[in-house]
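Here are my notes on the structure you asked about, as numbered points. Keep the model open beside you and find each residue as you read.

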Amino acid sequence: MAFENPSRDRIKEILAAAGNVAVVGLSDKPDRVSYMVAEAMQKKGYRIIPVNPNATEILGETCYASLSDIPEPVDIVNVFRRSETVVPVAEEAVKIHAKVFWLQQGIFNEEAAEIARAGGLEVIMDRCIKVEDSILLPGGK
């Protein structure tokens with residue numbers, strides 16, 4: 001069966017309920033898309049938890065080397081990695097009991113989606129979290 005993202009209404013519910021958003025592949029360079037998206041989401045009221053093994057702090061938040069290192073619950077795992085590298089991220093998202101596995105625009109991996117779904121996560125692929133938030137919750141959370 002072909003993958004299908006949740007409805008826009010469901011995505012709105014996911015965003016409205018989200019607290020902690022772990023951003024895998026978040027760059028510490030302000031000119032990178034991952035940084036710009038995470039910064040915009042942070043300004044809208046989302047708690048951004050950076051996941052980047054090469055940084056200690058991004059956007060004023062402690063940076064973790066992996067999802068498993070995060071010492072608190074994660075609602076959304078938002079991924080900025082190449083499609084072919086996301087299967088281990090899906091496995092780790094399941095292991096930490098995240099609620100949603102979200103692959104940014106341009107990122108699509110059926111195997112990762114199946115792993116996440118089988119582990120009880122909702123899956124969104126090839127969608128920009130910032131764009132969806134702007135459309136669905138223009139006034140903020």
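1. Start just after α4, where Gly-120 has a positive phi of about 95 degrees. This is a predicted model, in which local features need pLDDT of at least 70 and side-chain atom pairs count only at pLDDT 80 or more, while totals for chains, interfaces and linings use all residues. Residues are numbered from 1 along each chain as its sequence is written, and side-chain values use heavy atoms, with hydrogens and water left out. Helix and strand names follow DSSP runs numbered from the N terminus (helices are H or I with at least four residues, strands are E with at least two).

2. Now look at α4 itself, residues 110-118. Which of its residues are buried? They are Ala-112, Ala-113 and Ala-116. Buried means under 20% relative accessible area, exposed means over 50%, and partly exposed is in between (1.4 Å probe, protein chains only). Looking down the axis of α4, the buried residues fall within an arc of 100 degrees, so they line one face of the helix. That arc is taken from the directions running from the helix axis to the C-beta atoms. As background, an α-helix has 3.6 residues a turn, so residues three or four places apart point the same way.

3. What do the buried residues of α4 pack against? Their partners are α3 (87-95), β6 (100-103) and β7 (122-124), where contact means heavy atoms within 4.5 Å. On the face turned away from the buried side, α4 carries the exposed residues Glu-111 and Ala-118. At the start of α4, the backbone nitrogen of Glu-111 has a side-chain oxygen of Asn-109 within 3.0 Å.

4. His-97 has phi near 65 degrees and sits in the loop between α3 and β6. With 67% relative accessibility, His-97 counts as exposed. Asp-126 has phi near 60 degrees and lies in the loop between β7 and α5. Its 39% relative accessibility makes Asp-126 partly exposed. For context, most residues other than glycine have a negative phi.

5. On to the sheet. In what order do the five strands run? The open sheet reads β2-β1-β5-β6-β7, with parallel pairing. Its edge strands are β2 (47-51) and β7, each pairing on one side only. From one strand to the next, the twist averages 20 degrees. Two strands count as paired if DSSP finds at least two bridges between them.

6. Zoom in on β1, residues 20-24. It pairs in the parallel sense with β5 (residues 76-79) over four bridges, and Ala-22 has Val-77 as its bridge partner in β5. With β2, strand β1 pairs in the parallel sense over five bridges, and there Val-24 is partnered by Val-51. Is β1 mostly covered or uncovered? Mostly covered: five of its five residues are buried. Asn-20, Ala-22 and Val-24 are buried on one side, and Val-21 and Val-23 on the other.

7. Helix α1 (residues 8-17) packs on the sheet and touches β5, β6 and β7. The direction of α1 makes about 110 degrees with that of β7 (axes are lines fitted to C-alpha atoms, for helices over the stretch in contact, and angles run from 0 to 180 degrees between N-to-C directions).

8. Pro-6 belongs to the segment before α1 and is buried, with a relative accessible area of 18%. Not counting residues up to four places away in sequence, Pro-6 touches Ile-11, Glu-122, Val-123 and Ile-124.

9. Then there is Asp-133, in helix α5 (residues 129-136). Buried or exposed? Asp-133 counts as buried, because its relative accessibility is 1%. Leaving aside neighbours within four places in sequence, its contacts are Leu-15, Met-41, Lys-44, Tyr-46 and Pro-138.

Technical notes:
Polar contact = N/O pair within 3.5 Å; in protein donor to acceptor, adjacent residues only side chain to side chain.
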